[in-house]
Amino acid sequence: MKKLKIINLKKAQSLATARSIKLSEDTLDQKERANGFFQEVGDMALFIKQIFKETFSRNFEFKEFLRQCYEIGNKSLPLIIITGTIMGLVLTIQSRPAMAKFGAVTMLPGMVAVSLIREIGPIITALICAGKIGSGMGAELGSMKVTEQIDAMEVSATNPIRYLVVTRVLAATLMLPILVLFADAFGFIGSWIGVNIKGDVSLVLYIFQAFGSITFLDFFPAVVKTFLFGAVIGIVGCYKGFTAGRGTESVGKAANAAVVLSSLLIIIVDMIAVQITDMLS
Amino acid sequence: MINSQETNIDTVSEEKTTSDVLIDIKNLKKSFGRLEVLKDISLKLHNGENLVVLGKSGSGKSVLIKCIVRLLNPDGGTINLLGKEVNSIKGKELSEIREKIGFLFQSGALYDSMTVKQNLEFPLVRIKKDLKEAEINNKINEVLENVGLADVLEKMPSELSGGMRKRISLARSIILDPVIMLYDEPTTGLDPVTSDEISELINSVQKKYKTSSIIITHDIACVRITADRIIMLHEGHVYAEGTLEEFEASDDPLIMSFFK
């Protein structure tokens with residue numbers, strides 16, 4: 001009995017030791033993770049500082065900027081048009097029964113318009129672009145890093161931040177609001193189709209009803225935040241690509257991390273923008 | 001006679017004047033975390049010579065030439081490049097000195113999204129801004145001819161073979177008429193015939209453009225074709241220095257493992 005106690009005590013001691021070792025390992029792990037997090041935040045801040053510095057420097061790469069606008073804007077347009085149309089259609093079909101309960105079907109275009117312009121248009125477009133553009137930037141720059149193309153650029157006396165990053169970030173910042181406008185416009189068309197499935201409203205009347213409910217305060221903050229979403233996608237995509245490791249595996253990781261982090265930051269920026277808009281209005 | 005680290009490694013250098021030295025590296029150190037890659041490297045590159053830096057994989061050969069052009073920042077020591085301390089310059093001054101260096105990367109590092117022509121004109125249009133289109137085209141044709149390629153201007157890098165990519169990459173490196181060429185494993189991944197062609201091309205570029213070169217390699221066929229002088233790196237130090245004949249006659253086991 002006594003022995004058993006000792007064994008138990010030993011077991012308890014070893015368990016305690018194991019737990020304390022595990023705890024100290026966990027603490028170390030958490031410490032490393034915390035350090036890694038702060039290191040990443042610091043690195044990204046320095047990266048943004050470099051972007052600002054190079055944006056306002058001479059020798060702006062205008063030709064590459066236009067190419068990026070085409071790549072980001074024009075090549076994302078079909079996806080945005082399809083998504084916007086479906087978004088409007090689904091929103092209308094889903095909202096119709098609830099509106100019908102209150103006898104407010106005539107208010108459907110106005111409700112859809114406010115939802116689309118204030119929130120759904122910008123956030124869905126931004127999340128789609130984070131997937132398409134952000135991952136593309138992360139993978140392209142990551143692969144350029146792995147195959148030493150960024151080093152080659154630097155050695156040939158061309159600033160890679162100016163040529164690769166500034167052009168992409170500015171193009172994303174400028175193109176996203178335009179893509180959101182397209183998503184909203186085609187969202188209206190989708191919604192009009194949705195309204196006409198169980199009703200008969202002309203496009204002119206639908207647009208008149210929809211725009212009758214929208215004010216400048218619905219439109220302006222939504223446009224401002226889409227510029228921020230674009231900047232977030234560009235900065236995060238380029239940062240993740242630029243800081244990719246040396247192996248080919250890191251290209252996939254960079255693309256994945258670009259999508260995850262930019263999507264998360266878009267939602268956080270949206271939350272802050274909504275709070276500010278709410279306070280101002 | 002091979003000068004090992006214990007003996008005087010600068011015998012050859014001392015015979016030449018300091019103005020003849022294009023790159024002068026003293027006590028270079030570089031670590032990655034706890035891993036000390038370069039512990040104490042000193043070497044000189046003289047005007048007009050092909051200096052081959054030989055060593056096993058992971059001996060720090062590529063790190064050494066990346067430190068020379070400041071793609072990596074050294075932890076200690078000094079690098080004097082064309083009369084300037086590389087560690088203390090930045091911005092425009094660093095760009096100006098990089099314009100005088102041609103760098104052939106191990107992977108070729110051609111820009112995937114650009115055609116061969118765009119790859120070749122990329123450094124030209126950014127650095128020699130006053131060049132007219134006809135002059136740019138002439139320069140492109142000249143370098144392509146010098147590397148033995150034609151009719152590839154509109155091709156994408158992905159459409160080229162390994163040897164062709166290396167040639168285009170070499171053409172891009174020499175398009176600004178560099179004073180110094182740095183070759184990072186120029187024959188890696190190529191078949192023996194193409195490897196020899198690229199090695200011969202290195203010699204022909206040296207003659208035509210009157211460049212001085214550092215060639216990083218562990219390909220002995222390339223060493224035999226290109227080397228005027230050889231430096232062997234081992235465990236972060238200069239292990240031996242001498243001519244090809246001296247290396248081939250050596251009975252040092254490490255050197256013999258490369259040459260025999």
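1. Helix 5 of chain A covers residues 160–197, and at 1.5 Å a residue its 38 residues should span 56 Å, which agrees with the 53 Å that separates its end C-alpha atoms; the expected span is taken as 1.5 Å times one less than the number of residues. Helices here are DSSP runs (H or I, at least four residues; strands are E, at least two), numbered from the N terminus.

2. This is a predicted model, in which local features need pLDDT of at least 70 and side-chain atom pairs count only at pLDDT 80 or more, while totals for chains, interfaces and linings use all residues. Residues are numbered from 1 along each chain as its sequence is written, and chains are lettered from A and ligands numbered from 1 in the order in which they are written.

3. Helix 5 of chain A has a kink of about 30 degrees centred on A:V166, the bend being the angle between axes fitted to the seven residues ending at a residue and the seven starting there.

4. Of the 38 residues of helix 5 of chain A, 27 are buried, so this helix is largely enclosed by the rest of the structure. For chain A, 39% of the 281 residues count as buried.

5. Chain A contains eight helices and zero strands.

6. Helix 3 (residues 108–146) and helix 8 (residues 249–280) of chain A pack at about 150 degrees with their axes 7 Å apart.

Methods. Axes fitted to C-alpha atoms, helices over the stretch in contact; angles between N-to-C directions. Buried ≥ 20, exposed ≤ 12 C-beta atoms within 10 Å, placed from the backbone.
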